Amino acid sequence: MSRIAYVNGQYRALRDACVNIEDRGYQFADGVYEVCEVRGGKLVDLPRHLARLERSLSELRIAMPMPFASLAVVMHEVVRRNRVSYGLIYLQITRGVAHRDHAFPPGSVKPALVVTAKSLNFAKNQNAAAHGIGVITVPENRWPRVDIKSVSLLPNVLAKQLAKEQGAYEAWFVDREGYVTEGSSSNAWIVTSDGRVVTRSADSGILAGITRAVLLDVLAALQIRLEERPFTPEEAYGAAEAFVTASTQIVMPVVSIDGKPIGGGIPGPLAAKLREHFHQFSAFS
Ligand code: PMP
């Protein structure tokens, strides 16, 4: 079955779907995106993703291309047309198409909207969680506005590639003060030997992950102690457990950091428990 994309008002076969070469997303990375998990054909935590989308757009002064309700209709339709039961939906909005000029185009230029969906292999994801992933650390070299979910991801791309070349799956950025900020495409967490869960506050240096936000609800409900504070790679090397969160990975155990085994080099029990309970706290639509 061929995949279908929504592109600026039309549903097109993916192979025929295209955008203008003067789209500002292409020329300046002048746009934002969202990724939602799809489970049982439903969108996971859509209202939270749309709220973050609205915030990213407003920080960049890009207009919402359509009301939330219409956007939700398009997203559901893309999931339906692609027959995704388990997978992800990707949504991108750019400032639109205009002759290349750094400053904003005239107000008449409409933002461009693309939505795609794809099926993922559930068993493969579960298998990855059963084995855990490796992480490397890299110097933070991104702009300070990482709270905006911008399509400008070059440092993230380079960090992920370096991780891959070193046999790891994710790279954690480390800021100038020596603290971990987040992963190239995930938020970073550790568990202390006395069972406290530690993750950096969303006030600075990280994207406010939706999975992170839901997990805070899970921790509160399960009465697990939380510390929102920065941690160093050295503290992480000695942690009882470590894991990352992202919409398509939920809670993914980390079993090594910079080649050093974490928690004996196998996924920890708390990460497994949080992963198991996660979707009881998600909203499906
Ligand atoms: N940080 C970064 C840099 C990311 O790219 C992502 C994934 N989009 C996350 C954190 C996790 O965010 P979420 O839980 O909303 O997927």
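In which sense do strand 8 and strand 9 pair, and over how many bridges? In this predicted model, strand 8, made of residues 170-174, and strand 9, made of residues 180-183, pair in the antiparallel sense, and two bridges join them.

Val7 has Val114 as its bridge partner in strand 6. As a general point to keep in mind when looking at such strands, side chains in a regular strand alternate between the two faces of the sheet.

The next step is to look at the chain as a whole. The protein chain is divided into two parts, domain 1 (4-120) and domain 2 (125-281). Taken over C-alpha atoms, the centres of domain 1 and domain 2 are 26 Å apart. Their contact takes 22 residues from domain 1 and 20 residues from domain 2. Between them, the two domains bury about 1900 Å², and 58% of this area is on carbon and sulfur atoms. On the side of domain 1, the residues that lose the most area to domain 2 are Tyr33, Arg48 and Arg52, which together account for 34% of what that side buries.

Charged and polar groups also meet across this interface. Three salt bridges are counted between domain 1 and domain 2, and the rule for polar contacts finds 11 residue pairs there. Strand 3 (31-39), helix 2 (46-60) and strand 5 (87-94) each supply at least two residues of the side of domain 1 that touches domain 2. By type, the residues of this side divide into 10 nonpolar, four polar and eight charged.

Over the whole structure, the search finds 19 salt bridges. Arg55 forms a salt bridge with Asp147, and the closest N and O atoms of this pair are 2.9 Å apart. Arg81 and Glu77 provide another case, their side chains meeting in a salt bridge at 2.9 Å, N to O. Why are Arg81 and Glu77 separated by about one helical turn? The reason is that they are four residues apart in helix 3 (residues 68-81). In general, an α-helix has 3.6 residues a turn, so residues three or four places apart point the same way.

Just after helix 4 comes Gly132, which takes a positive phi of about 85°.

Ser201 lies in the loop between strand 11 (197-199) and helix 6 (210-221). The side chain of Ser201 reaches the backbone nitrogen of Asp203 at 3.0 Å. When neighbours within four places in sequence are left aside, Ser201 is in contact with Ile206, Arg212, Glu228 and Arg229.

Note on methods: Residues numbered from 1 in each chain as written. Predicted model: local features only at pLDDT ≥ 70, side-chain atom pairs only at ≥ 80, totals over all residues. Heavy atoms only, no water. Pairing = 2+ DSSP bridges. Domains from an automatic or database assignment. Contact = heavy atoms within 4.5 Å. Buried area = accessible area lost by both parts, 1.4 Å probe. Salt bridge = Lys/Arg side-chain N within 4 Å of Asp/Glu carboxyl O. Polar contact = N/O pair within 3.5 Å; in protein donor to acceptor, adjacent residues only side chain to side chain. Nonpolar A, V, L, I, M, F, W, Y, C, P; charged D, E, K, R; others polar.
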